[in-house]
Amino acid sequence: IVMGWRQAWKSGQLAGFDTGLRAWLAPPMRHPGLWRFAILSNLHVTVQTVTGYLTPVLVGALAGPAQAGLFKIARDVATAITKPAELLNNSVYPEFARLASQGQWRAFPKLILRGGLMAGGAGALLIVLAALAGPVFLGTFFGADFVAAQGSMLLLCAAATLTIAGFAFDPALYAMGRPAIP
């Protein structure tokens, strides 16, 4: 981080950059809505994080610790298939930001659809793989007792596939300055 700031300073990219506390508390008028955007985008991430940790606790409270353990394994496997979609989020956002800065709004649906079809197709293949090799995978990596997580894993993989297919919506909404919608 220090080297990045140093390089930005050397290349003159920080000219006119106000580092005072006053500038951070009251953003310049050329960026109206900046604090609202920052707060809502951080709230969005916080809600996702909290629900990720709270869900197994609720399953344990309702169904018992054994079911919570099975659910946790099934969810961790299903969540693993969404990790590439997070990388896609980071790689497609600059393209959405470029399109938004140029006012090319008609390109948004095409990019969302193309990315969704590609990612959803990959997710569907992973569901088939989980259905065919799931018991062997669960038994090998987690033990014979966890093969019972197969049904939950398939349902959670299907839900993860829907998430993967819609991966482009978040970066598109952020590029449009609408982080409150997701």
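User: How far does α4 reach from its first C-alpha to its last?
Analyst: Helix α4 has 16 residues; helices here are DSSP runs (H or I, at least four residues; strands are E, at least two), numbered from the N terminus. The expected span of a helix is 1.5 Å times one less than its number of residues, which gives 22 Å for α4. The predicted model comes close to this, with a reach of 22 Å.

User: What pLDDT do local features need in this model?
Analyst: Residues are numbered from 1 along each chain as its sequence is written, and side-chain values use heavy atoms, leaving out hydrogens and water. This is a predicted model, where totals for chains, interfaces and linings use all residues, side-chain atom pairs count only at pLDDT 80 or more, and local features need pLDDT of at least 70.

User: Which helices are among those that cover the buried residues of α4?
Analyst: Buried means under 20% relative accessible area (exposed is over 50%, partly exposed in between; 1.4 Å probe, protein chains only). In α4 the buried residues are A68, L70, F71, I73, A74, R75, V77 and A78. Their cover includes α3, α6 and α7.

User: Where does α3 bend?
Analyst: The 30 residues of α3 (34–63) should span 44 Å, and its end C-alpha atoms agree, being 44 Å apart. The bend at a residue is the angle between axes fitted to the seven residues ending there and the seven starting there. In α3 this angle is about 30°, and the proline P56 follows within four residues of the bend, which is at L54.

User: Which residues does P56 touch, beyond four places away in sequence?
Analyst: P56 sits in α3 and counts as buried because its relative accessibility is 14%. Its C-alpha is 7.8 Å from that of G69, 13 residues apart in sequence. Taking contact as heavy atoms within 4.5 Å, P56 touches A68, F71, K72 and R75.

User: Is Q150 buried or exposed?
Analyst: Q150 lies in α7 and, setting aside residues up to four places away in sequence, touches A130, A131, G134, P135 and L138. Its relative accessibility is 13%, so Q150 counts as buried.

User: What radius of gyration does the protein have?
Analyst: The protein has eight helices and zero strands, and its C-alpha trace spans about 65 × 35 × 30 Å along the principal axes. The radius of gyration is taken over C-alpha atoms, and the globule rule is 2.2 Å times the number of residues to the power 0.38. A compact globule of 182 residues would be near 16 Å, but the protein has 21 Å.
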